[in-house]
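This report walks through one protein chain for a reader who has not seen it before. Please look over the sequence and the structure first.

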Amino acid sequence: MNIDVRGPRFGAAVTTVVLAAVLVTGSGALLGWQALVFAVGALAGAGRSPYAWLFRTVVRPRIGPPTEFEPPEPPRFAQAVGLVFALVGLVGYVWGPLWLGLAATACALAAAFLNAVFAYCLGCEMYLLLRRTTEALR
């Protein structure tokens, strides 16, 4: 079942704000929250994450029904990639070195920003590239 393309983009906008706040405050707890959001999106699907729920219940009723859809697999993969960066960032913030937490969080922030502002999902593009590569190798 395909998903509304605006949902993951909204999630990326919220993620951008959260990760920017992590970089400004150095809050490992806030990064832990974002890691949990990524984990839910990766395991249950991007359409079941807390930010997707917020989009469905608060935003979509105000902006109208979707006109464009996408398969759920690329955004789900992107959530898994975000989870990896958030977990590496947590390691850096909690146990050190701090530069690791800053760098991993900044990388995740850059990817979320690209999706939120330019509708360019790096994790989705990685998924499609991996899929084409594995199909070509068969």
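## Basis of the model

This is a predicted model, in which local features need pLDDT of at least 70 and side-chain atom pairs count only at pLDDT 80 or more, while totals for chains, interfaces and linings use all residues. Residues are numbered from 1 along each chain as its sequence is written, and side-chain values use heavy atoms, with hydrogens and water left out.

## Helix α4

Helices here are DSSP runs of H or I with at least four residues, strands are runs of E with at least two, and both are numbered from the N terminus. Helix α4 has 22 residues and reaches 31 Å from its first C-alpha to its last, close to the 32 Å expected at 1.5 Å a residue. That expected span is 1.5 Å times one less than the number of residues.

Buried means under 20% relative accessible area, exposed means over 50%, and partly exposed lies in between, using a 1.4 Å probe and protein chains only. The buried residues of α4 include Pro 74, Pro 75, Gln 79, Gly 82 and Tyr 93. Among the elements that cover the buried residues of α4 are α1 (6-25), α2 (28-44), α5 (98-118) and α6. After α4 comes Gly 96, with a positive phi near 90°.

## Helix α6

Helix α6 covers residues 122-137, 16 residues in total, and reaches 23 Å between its first and last C-alpha, close to the expected 22 Å. Its buried residues are Gly 123, Cys 124 and Tyr 127. They lie on the same side of α6, because they cover an arc of only 105° around the axis; the arc is that of the directions from the helix axis to the C-beta atoms.

These buried residues pack against α4 (73-94). On the other side of α6, Arg 132, Ala 136 and Leu 137 are exposed.

## The largest nonpolar core

A nonpolar core is a set of buried Ala, Val, Leu, Ile, Met, Phe, Trp, Tyr and Cys residues joined through side-chain atoms within 4.5 Å. The largest one has twelve residues, including Leu 19, Phe 38, Leu 83 and Leu 109. Helices α1, α2, α4 and α5 each supply at least two residues of this core.

Contact means heavy atoms within 4.5 Å. Not counting residues up to four places away in sequence, Phe 38 touches Thr 15, Gln 79, Gly 82, Leu 83 and Ala 86.

## Cysteines

The structure holds one disulfide, a disulfide being a pair of cysteine sulfur atoms within 2.5 Å. It joins Cys 121 to Cys 124, with 2.4 Å from S to S. The link of Cys 121 and Cys 124 is right-handed, with 70° about the S-S bond. Both Cys 121 and Cys 124 are buried.

Cys 107 is in no disulfide, and the nearest cysteine sulfur, that of Cys 121, is 15 Å away. Cys 107 counts as partly exposed, at 42% relative accessibility.

## Asn 115

Asn 115 lies in helix α5 and is buried, with a relative accessible area of 13%. Leaving aside neighbours within four places in sequence, Asn 115 is in contact with Pro 8, Arg 9, Ala 12, Tyr 120 and Cys 121.

## Annotation from the record

An unreviewed UniProt entry places the feature "transmembrane region" at residues 12-30, 36-56, 77-96 and 102-130. Over residues 12-30 the chain is 89% helix and 0% strand, with the end C-alpha atoms 16 Å apart. Over residues 102-130 the figures are 90% helix and 0% strand, and the end C-alpha atoms are 27 Å apart.

Conventions: UniProt positions are given in the numbering used here, feature names are shortened, and annotations may be inferred rather than shown by experiment.
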